[in-house]
Amino acid sequence: MTSQESFEILESLQADIAELIDRLPTLKHRQFIQQALATIVRLADSEIDRLDWKILSAALADMERGFQLFYDYRHTRKVTIFGSARLAPETPDYQMAVQFARAVSQLGFMVMTGGGGGIMQAGQEGAGRNNSFGLNIQLPFEQQANPFIEGDPKLIHFKYFFTRKLFLLKESDAVALFPGGFGTQDEAFECMTLSQTGKFGPVPVVLIDPPGGDYWHSWSKYIDDQLVAKGLVSPEDPSLYTVTDNLEVACNAITRFYQVYHSSRYVGDLLVIRLRHELSNELVEQLNTEFKDILVQGKIEKSQVLPQEGQDETSDLPRLILYFNQRDLGRLYQMIAAINKLGIPTPEETAHPERK
């Protein structure tokens, strides 16, 4: 780069920053923009390596592409599919993934995969290009996107695995795992760890074998025998996931999760659970009786949108509020299952579990 080109880039950057500072008081998310800018300024005055700056700038570029792509699809629920890149189209696992992706896309969900071959390709094949996202990774040895997503504007090539996985989980409203190797095991255990610690979800996680298969059934037995039985995880933690070799069970695990439950967030220490319709007082009391062990104080109560939630897009939805202990996530998943079972969804809600 010549000194003239460098000067022109700097001059353009100065103008862009000046304009942003002028507009900052009027921007919707000015608080967070200001925090991000302040972080960059602090780093610029600190002693960090050139490599650190390269990581920061590349990660921001990855996130910019992801945020811009998914914004237009933020109201459609998505299912992330993980599994082996080595499984060929003629294998039962591949065919099961095709059938599953086709089924959930017909229910209105979109499908996300890593964009490569094997189970990732099966997911895109089943869902179809229009209902698919591919989140590929740039590797020294070239990883081609599968033909069902190649060339689609919903295909992104990430530089880093961690930014790629961020979006595969952040944007997902359900996770389906098919048999795979070390990478799939890593994704399975990370989903469990993040769910168990409240850093991801709540969302349904489904571990799917082909009919008669025992990959995930054996995995689940290992969890029961080596982790639950020895007190290394809580007895309720298997409630974080569903293991099945039945396509209907796999799809129902996802759609039923959103029959009455919509989403949740924290307002301070208060867990706010948004519902697709209001529960009766009797049902709320039943929840208080069954799940009082997960409360640190008070009771589970009905509420409308809280003042602290501001311009929340779900402001019209009824809520349950509670002081959850933020430890017993398996029990929280059991409570969501109870809410979906106790509440009676309307035909409209049953027909459109994919809306959020």
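Let's start with the open sheet of 4 strands, ordered β8-β9-β11-β10, with antiparallel pairing. β8 (261–267) and β10 (295–303) are the edge strands, and each has a single partner strand, so one side of each lacks a neighbour in the sheet. On average, neighbouring strands here are turned by 20° against each other, direction ignored.

A word on the basis. This is a predicted model, where local features need pLDDT of at least 70 and side-chain atom pairs count only at pLDDT 80 or more, while totals for chains, interfaces and linings use all residues. Residues are numbered from 1 along each chain as its sequence is written, and side-chain values use heavy atoms, leaving out hydrogens and water.

Some terms. Helices (H or I, at least four residues) and strands (E, at least two) are DSSP runs, numbered from the N terminus. Two strands pair if DSSP finds at least two bridges between them. In general, strands of a sheet pair through backbone hydrogen bonds, either parallel or antiparallel.

Back to β10. It runs antiparallel to strand β11 (residues 319–324), and 5 bridges join the two. Glu301 has Ile321 in β11 as its bridge partner. Helix α10 (residues 281–291) packs on this sheet and touches β10 and β11. Contact means heavy atoms within 4.5 Å. The direction of α10 makes about 165° with that of β10. For such angles, axes are lines fitted to C-alpha atoms, for helices over the stretch in contact, and values run from 0 to 180 degrees between N-to-C directions.

Next, Arg331. You will find Arg331 in helix α11 (residues 329–342). Is Arg331 buried or exposed? Arg331 counts as buried, because its relative accessibility is 13%. The cut-offs are under 20% relative accessible area for buried, over 50% for exposed, and partly exposed in between (1.4 Å probe, protein chains only). The Arg331 side chain reaches the backbone oxygen of Glu290 at 2.8 Å. That is a polar contact: a pair of N or O atoms within 3.5 Å, where within protein one must be able to donate a hydrogen and the other to accept it, and residues adjacent in sequence count only if both atoms are side-chain atoms. Beyond its neighbours within four places in sequence, Arg331 touches Glu236, Glu290, Phe291, Asp293 and Ile294.

Now strand β5 (residues 174–177). Both its faces are covered. Ala174 and Ala176 on one side are buried, and so are Val175 and Leu177 on the other. β5 pairs with strand β1 (residues 78–82) in the parallel sense, over 4 bridges. Ile81 stands opposite Ala176. β5 also pairs with strand β6 (residues 205–208), again parallel, over 3 bridges. There, Val175 has Val205 as its bridge partner. From β5 the chain crosses through helix α7 (residues 182–196) to β6, a right-handed β-α-β crossover. Right-handed means that, with the strands pointing away from the viewer, the path from the first strand over the helix to the second runs clockwise.

Last, the aromatics. Rings of Phe, Tyr and Trp (its six-membered ring) pair if their centres lie within 6.5 Å; planes under 30 degrees apart are stacked, over 60 edge-to-face, the rest tilted. The count comes to 15 aromatic pairs. Phe100 and Phe178 are edge-to-face, at 5.9 Å centre to centre and 65° between the planes. This pair links distant parts of the chain: Phe100 lies in helix α4 (residues 92–106), Phe178 in the loop between β5 and α7, 78 residues apart. Phe100 is buried, at 0% relative accessible area. Phe178 is buried too, at 0%. Tyr258 and Tyr261 form a tilted pair, because their centres are 6.3 Å apart and their planes at 35°. One aromatic cluster comprises Phe67, Phe70, Tyr73, Phe133, Phe158 and Phe167.
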